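Here is a quick tour for someone meeting this structure for the first time. Take a look at it, then read on.

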Amino acid sequence: MKICLISSFPPSKGVLNEYGFHVARELQADPLVSLSVVADHLGAGEPELPDFQVERCWEQDRFSNHRRLLRTLRNLRPDVVWFNLVFSSFGNRDHPLAAFSGLTLPAMTRTAGYYTHVTLHHLMDHIDLDDSGVRNKTLFRIAGYAATRLILMANSVSVLLPAYRRTLIEKYRGEHVHFRSHGIFSARPEYPDFSRRGNPEHRILAFGKWGTYKRCELLIEAFQEHLAERMPTARLVIAGSNNPNSPGYVESLREKYRSHPRISFRGYVAEEEIAELFGTASVLVLPYTSAAGASGVAHLGAQHGLPIVSADVPDFREMSENEGLAIRFYPIGEKEALANELAGLLESRRDMQEMAEQNFSAALRMTMPQIVREYVRGFNRQQQARALGAVARFRRLPRWFPSRSTIFRASAPSWGHWV
């Protein structure tokens, strides 16, 4: 099966590039899959990752992506076109028309005759636009509704929370909508080494792309005002880069708190450094004010067997209940409650270990190979159904019809490869 994955892809820093990389790595390991990655353009001089066939033919904030993408697909001739998307994949809030234009691409590829699947990481209906800094909310809601309708024109759609599937079916009358877990980024996660935690200090880790609804001020204030004195062996580590919509945010925090001896800013963390960062942390914090889908950071924490403390965001609570993750929730915006949850957890090694083991156990049930195999099995079933449907049409021809068997044999190459 020839699969074309359309996604941001490293070394690009575009949205969902990490998820695209891990999906591509698992597809690449499948001997029955021939993979091509159709990715966003890189800056000058950035080398491609080895061992991947990457075609870079689209850019954020551009209106020429349709023509370039269609030309690339005609050259690749895939059996499946798989989009890895959020609503801002093709443009940010400063370029809403480009973003909307990019979301018509799945409808275009299906119209062009390619089996098209979309993994949609969030829904506009579930995003707090006030928290995201959107200026014209009414216009964004209308555009989001229209874009969702266009995305549902793909042959099939996967979403990462059951509530999203219910919304697409009940509100949009969507068909062929599937729920699939986000998954962790590892094939074989390693059991956590608890001797590295709290030795000699407890590291409270916050990780992500910061700005908009992912902000650190509340966490920093909770640490300074309520936790630092109570937990003298605790250190706050804030890792990650700026959200594209919030340039300079992390740098401003680093400058403001540079004199604090127990608050450190790691900045962007390379893929090969993530295991060390998470492996030496005692707890992961999600200090958000809202969410835009299932949390990739929470799944990273589960992969490394970390207990998690999170704001009580509805998407995260559903994710926790559906996937069996151990997460302690605090009311959104209440820094004293956040500090109390962190202190109570760090003061109990038993609770920390039980939560860590529960999260690691949940991670083992949703490794990336398992998640990607579900997708590939679904694609195979669709390919089989399409091929059998084409063959079935010939059964309606009368037996005396001239060349009936010849026509049937001519169709065999389109379905015989999976028998």
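Helix 7 (residues 217-227) packs against helix 12 (residues 335-346) at an angle of about 70°, their axes 9 Å apart. That makes helix 7 roughly perpendicular to helix 12 (65 to 115 degrees counts as roughly perpendicular). On the helix 7 side, the contact (heavy atoms within 4.5 Å) includes Leu 218, Leu 219 and Ala 222, while helix 12 brings in Leu 338, Ala 339 and Leu 342, among others. The residues of this contact divide into 8 nonpolar, 1 polar and 4 charged.

This is a predicted model, where local features need pLDDT of at least 70, side-chain atom pairs count only at pLDDT 80 or more, and totals for chains, interfaces and linings use all residues. Residues are numbered from 1 along each chain as its sequence is written, and side-chain values use heavy atoms, with hydrogens and water left out.

The protein averages a pLDDT (the predictor's confidence in each residue, from 0 to 100) of 89, and 91% of the residues score at least 70. Over residues 415-419, though, the pLDDT is below 50. Where pLDDT is low, the predicted coordinates should not be read in detail.

Most residues other than glycine have a negative phi, and most peptide bonds are trans.

| Peptide bond | Omega |
|---|---|
| Pro 10 to Pro 11, cis | near 5° |
| Asn 199 to Pro 200, cis | near 5° |

Pro 11 sits in the loop between strand 1 (2-6) and helix 1 (17-29). Asp 51 has a positive phi, near 75°, and is exposed (over 50% relative accessible area) at 68%.

Conventions. Axes are lines fitted to C-alpha atoms, for helices over the stretch in contact, and angles run from 0 to 180 degrees between N-to-C directions. Helices (H or I, at least four residues) and strands (E, at least two) are DSSP runs, numbered from the N terminus. Angles under 35 degrees count as roughly parallel, over 145 as roughly antiparallel, 65 to 115 as roughly perpendicular and the rest as oblique. Ala, Val, Leu, Ile, Met, Phe, Trp, Tyr, Cys and Pro count as nonpolar, Asp, Glu, Lys and Arg as charged, and the others, Gly among them, as polar. Buried means under 20% relative accessible area, exposed over 50%, partly exposed in between (1.4 Å probe, protein chains only).
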